Amino acid sequence: ANVPDARAMCRWIFYYGEEVCIAKLIFGCTHGLATMSHGAGYTPGCELNHNRNHPVNVHGCGIGWYACEKCGLEDKHGLSAYDRPTVYTTVAAPSHDRNLRSLSKTISTSLLFGHVRAAGPGASVHQYNCHPFRKGRYMFMHNGEVVGFKSIRRGLLNKLRDELFEDISGTTDSELLFNLILNELPDVQTRQDTVTLQRAVLKGICAIISACKGKPSSLNVALTDGETVIATRYRNSEDEEPPSLYFHLGPMPGERAWDLNSLGGFDAMESNAKDTDIYGVRKSASQKSGFKKTGASSAGAERLMRNKFVATQALLVSSEPLSGDHGLDRWQLLPPNSMIVAAPTRPMAGRCTRSALVAKLKEEAMGGGKRHNLTPSSAPVLEIEIKSLKDVCKNVLGGCPEAAAAGEVPSAVAAIWEGGSDREFRIRRADSPTQTTHGGGGGGGESSL
């Protein structure tokens, strides 16, 4: 993402799960982050569009991670390396950064963000503009572009409270979007519940849509506080796809756990894949032979949004499948205009911490054997939910794009989560009657960590 009004897309990944050496995800895959910097564009199930899925991303890269347990210096807010992210950025491509290659072999984490950047013509190539961005306990990255950003940047900056405005270092639409999201939180040190974080992400997206008066922008974003991870695949257009984004839930029920300590790369983890889908249903011959596209309104998308999933070892979300065509049937294309949310939980007891999840996975890894998605209520897992954002733009603009084009855009919007089988975010205009915010699915009564 960049300042000039030119198309520029990036590629990114995040990993959440058992502690792993990050070199596996950056350099140890057939189609890992390093490969995506110079050979991207592998987007099965998506339309061929190099504006939104750029094949070359060599204008900088970065990684960000959290420690698996409390360590390092505590700051004045009591945050240690477990609570706040550590970020390394460079203007070089990952394949040409000897420091990144060396560091990645010695760093292990349970939560990693990785990003390679494609800057548009005239955009500044500087470490300040490289993702991920961090502030307090939060970390963020973006793939896409805000249309007409140069003309709306000043107005968006004026929305920020002073401490956020003063801390902006770069010139990208991405960093400003991050701060618009943080602007919806009371501060950047206190951990918030999952619903609050989802609402903040949504309101950041709404601010962009409103400022652009409905003109399409690509907003594939990822945000984490070190416990919850939220990612979107979004473009406010009825006839254009967002940039690609895929997810992988790790080993299926009954399969042997991935050996994350082996010398092999991610490809080796796919070698024991069974002929079942993410619901445990046996796949048909057509499902095994190719990648099936999931549209925003398809039955497959509805099924994804109707169910919650659990990952017992790891969740991978990536702009492109990391394993190339090895185990391709295990990668799911996130439906257009949707949000994926992952947080550690005990299935029958509620939310827990990432440290509890990592400790349990480490205990199981030492004992070997198989892992199953049907775990006891005391065993932490990653709970994953996918939600629809397909009507966000229409609701932000009051259902009237013509009025938005004329500048008649509501000055403020409030994010309302309405429960229901479609798991959709809905927006109300500031001048509409007050509605009650309540949780959908299991989110309503969630306690903060």
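Modeller: Two strands are said to pair if DSSP finds at least two bridges between them. Please keep in mind that this is a predicted model. Here strand S9 (residues 246-248) and S12 pair in the antiparallel sense over two bridges. One of the residues involved is Tyr-246, whose bridge partner in S12 is Leu-333.

Colleague: What is the order of the strands in the open sheet of seven strands?

Modeller: The general idea is that strands of a sheet pair through backbone hydrogen bonds, either parallel or antiparallel. In this structure the order is S3-S2-S4-S1-S11-S9-S12, and the pairing is antiparallel. Strand S3 (86-90) and strand S12 (332-333) stand at the edges; each has a single partner strand, so one side of each is left without a neighbour in the sheet.

Colleague: How many helices and strands does the chain have?

Modeller: The chain contains 13 helices and 17 strands. Of its 449 residues, 56% are buried. The chain exposes about 17,800 Å², of which carbon and sulfur atoms supply 49%.

Colleague: Let us turn to a helix. Which residues of helix H4 are buried, and which are exposed?

Modeller: A residue is called buried when its relative accessible area is under 20%, and exposed when that value is over 50%. In helix H4 (residues 149-157), the residues Phe-149, Ile-152, Leu-156 and Leu-157 are buried. Viewed down the axis of H4, these buried residues fall within an arc of 140°, so they line one face of the helix. Lys-150, Ser-151 and Arg-154, on the other side of H4, are exposed.

Colleague: Against which helices do the buried residues of H4 pack?

Modeller: They pack against helix H5 (162-165), helix H6 (173-182) and helix H7 (194-211).

Colleague: How many residues of H6 are buried?

Modeller: In H6, 10 of the 10 residues are buried, so this helix is largely enclosed by the rest of the structure. The buried residues include Asp-173 and Glu-175 as well as Leu-176, Phe-178 and Ile-181. What covers them includes strand S5 (133-135), strand S6 (138-145), H4, H5, H7 and S7.

Colleague: Are the partners Glu-240 and Arg-235 buried or partly exposed?

Modeller: Their side chains meet in a salt bridge of 2.9 Å, N to O. Glu-240 is partly exposed, with a relative accessible area of 28%, whereas Arg-235 counts as buried at 1% relative accessibility.

Colleague: Which residue forms a salt bridge with Lys-308?

Modeller: The partner is Glu-383, and the closest N and O atoms are 3.8 Å apart. Glu-383 lies in strand S15 (residues 381-388), and Lys-308 in the loop between helix H10 (299-306) and strand S10 (309-311), so the pair ties together parts that are 75 residues apart in sequence. Glu-383 is partly exposed at 31% relative accessibility, and Lys-308 is partly exposed at 30%. Elsewhere, salt bridges that share partners join Lys-70, Asp-83, Arg-191 and Glu-227 into one network.

Colleague: Where does Glu-227 lie?

Modeller: Glu-227 lies in the loop between strand S7 (218-224) and strand S8 (229-233). At 1% relative accessibility, Glu-227 counts as buried. The C-alpha atoms of Glu-227 and Asp-83 are separated by 8.7 Å, although these residues are 144 residues apart along the chain.

Colleague: With which side chain does the side chain of Glu-227 make a polar contact?

Modeller: The side chain of Glu-227 makes a polar contact with that of Tyr-82, at 2.7 Å.

Technical notes
Residues are numbered from 1 along each chain as its sequence is written. This is a predicted model: local features need pLDDT of at least 70, side-chain atom pairs count only at pLDDT 80 or more; totals for chains, interfaces and linings use all residues. Side-chain values use heavy atoms; hydrogens and water are left out. Helices (H or I, at least four residues) and strands (E, at least two) are DSSP runs, numbered from the N terminus. Buried means under 20% relative accessible area, exposed over 50%, partly exposed in between (1.4 Å probe, protein chains only). Accessible areas come from the Shrake-Rupley method with a 1.4 Å probe; for residues, only the protein chains shown count as cover. A polar contact is a pair of N or O atoms within 3.5 Å; within protein, one must be able to donate a hydrogen and the other to accept it, and residues adjacent in sequence count only if both atoms are side-chain atoms. The arc is that of the directions from the helix axis to the C-beta atoms. Contact means heavy atoms within 4.5 Å. A salt bridge is a side-chain nitrogen of Lys or Arg within 4 Å of a carboxyl oxygen of Asp or Glu.
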